[in-house]
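Colleague: I'm new to this one. Could you walk me through how to read it?

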Amino acid sequence: MFPFSFEWIWDMSHMVFHGGLWYALSILGMGMTYCIIKAAYDSVKGKGGHHSHGHH
Amino acid sequence: MDSVLIPKGVERCSIGKFALFIAVVGAVLLWGVVAMLLIYIKGLNQTNMNNAYGFALWIWADLAVIALGGGAFFTGLLRYIIGKDELKHIINYAVLIGFVCYSSALLILAIDVGQPLRAWFIFWHANVHSMLTEVAFCLTCYFGVLTIEYLPMVFENRQIDRVPFFHHLGHNMHAIMAIFAATGAFLSFFHQGSLGGVTGVMFGRPFGYRTGLLIWPWTFFLYTWSAAAVGPCFTIFITRITEAVTRKKLVKDSVVDLLAKIAGWMLLTYIIAKIIDTWYWAAVTAPAAGFTLMDFYSNNPGSAYGLWILIAEIGLCGVVPAIMLVTPSIRRRPAALFVAVTLAVIGACLNRWVMVLQVQAVPVLSFETWFTYFPSWQEIATTILPVAYGIILIALSYRYLPIFPQEQELNPIEGGK
């Protein structure tokens, strides 16, 4: 799973499989981190009212 | 009693009636939980799986719910990436159905692996030459995407929305939802495909083996294609059932018609590709391995796997619903639409059954006979368990969350609420 694992080999299969996994996890992780930090910031600033907004 | 939790401007049944409904479905859920605990405590000897059926009823259920849950990624792709804005009125429900399907798949897998405490091995000690590793990676990540897509709906609950942090979090998540939806489509393409690839690469099993493009057998593309076609059909199917149970119109006909039309064309193109694939397999691939088409469809106990299954999957549950869905005058008739999406859903389930269970039943060596298998009650109960869980989650979501944006407009309440 990580390059420091004893079974890791620097070959195409490991790079493609794990590259894809970490690429997806990074997008989800960064996206959610941004949303959470911004939500905390907006809450502290008291930004916006309690309006109903349709998602999607 | 729970009126403060119910969305504004909509009507719901009394809490007593709702509790009774949940209790009835909950009893079925409990039956499944008992079977699940038996399997966890006593082990896989509670099942009728054997050396011929290392994967059994569960793997079919897994593949079927993943295909049917494809409505979430494909509707998300249409809505956020292709820009079919009208689908915003049904995307919430597609996401909820997808969330139920994928959480069910993970639940079944957690039972199927036999050693759930070692389930993390597939990530930590990944076999990078296995399509199932790709499935595990993408499935888990995509479930994360579905959770991210479902959470904003939860945050829109009247009481949760009053908490500023959750209000802003839901709003922020919605603002960048296109990024999550695109990631979800990317992940879905690969795990749906890899599930098909698992069967397609098994050159030791001529019934499932297919030629393909580079490292990908044709089944890789057919699975993704069929999930994109049938997923929206399942969304429409569940929407119609929900409307019947609630006795309300929840989504406008124009929205359903658009989704049905797209699903119809996807299904028609898929079924043409599937017919070509089947013909090539029957005429070239299987004979090259020493088999004729009828070797796979004859001389089995009770003729359970006769040619009828091929005709039912491709003809009755493939060509027929595809033609019904692409013909405007047919798909605009509610009864015909329901028949078409039901046939399409059955077709996908049949396809997954054939590709994972018939594959294991067909004898490969000349001295073998057909392998038979019938699931134990524990297997059946744990397969029904996710259905009960899905019904409960959908019922709770419908009652407390604004899942259907058009519900208020389609069902106005005298004097408001």
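Modeller: Chain A averages a pLDDT of 84, and 84% of the residues score at least 70. This is a predicted model, where local features need pLDDT of at least 70, side-chain atom pairs count only at pLDDT 80 or more, and totals for chains, interfaces and linings use all residues. Residues are numbered from 1 along each chain as its sequence is written, while chains are lettered from A and ligands numbered from 1 in the order in which they are written.

Colleague: Where in chain A does pLDDT stay under 50?

Modeller: Over residues 51-56, for which the model has 12 contacts beyond four places in sequence. A contact here is two residues whose C-beta atoms, placed from the backbone, lie within 7 Å. Where pLDDT is low, the predicted coordinates should not be read in detail.

Colleague: How many helices and strands are in chain A?

Modeller: Helices (H or I, at least four residues) and strands (E, at least two) are DSSP runs, numbered from the N terminus. Chain A has one helix and zero strands.

Colleague: And how many residues does each chain bring to the contact between them?

Modeller: Chain A gives 25 residues and chain B gives 38. The chain A side has 12 nonpolar, 10 polar and three charged residues. Nonpolar covers Ala, Val, Leu, Ile, Met, Phe, Trp, Tyr, Cys and Pro; charged covers Asp, Glu, Lys and Arg; the others, Gly among them, are polar.

Colleague: At what angle do α11(B) and α13(B) pack?

Modeller: Axes are lines fitted to C-alpha atoms, for helices over the stretch in contact, and angles run from 0 to 180 degrees between N-to-C directions. Helix α11 (residues 307-326) of chain B and helix α13 (residues 334-361) of chain B pack at about 145°, with axes 8 Å apart. Their contact has 15 nonpolar, three polar and one charged residues. Among the residues that meet there are L316(B) in α11(B) and L343(B) in α13(B).

Note on methods
pLDDT is the predictor's confidence in each residue, from 0 to 100.
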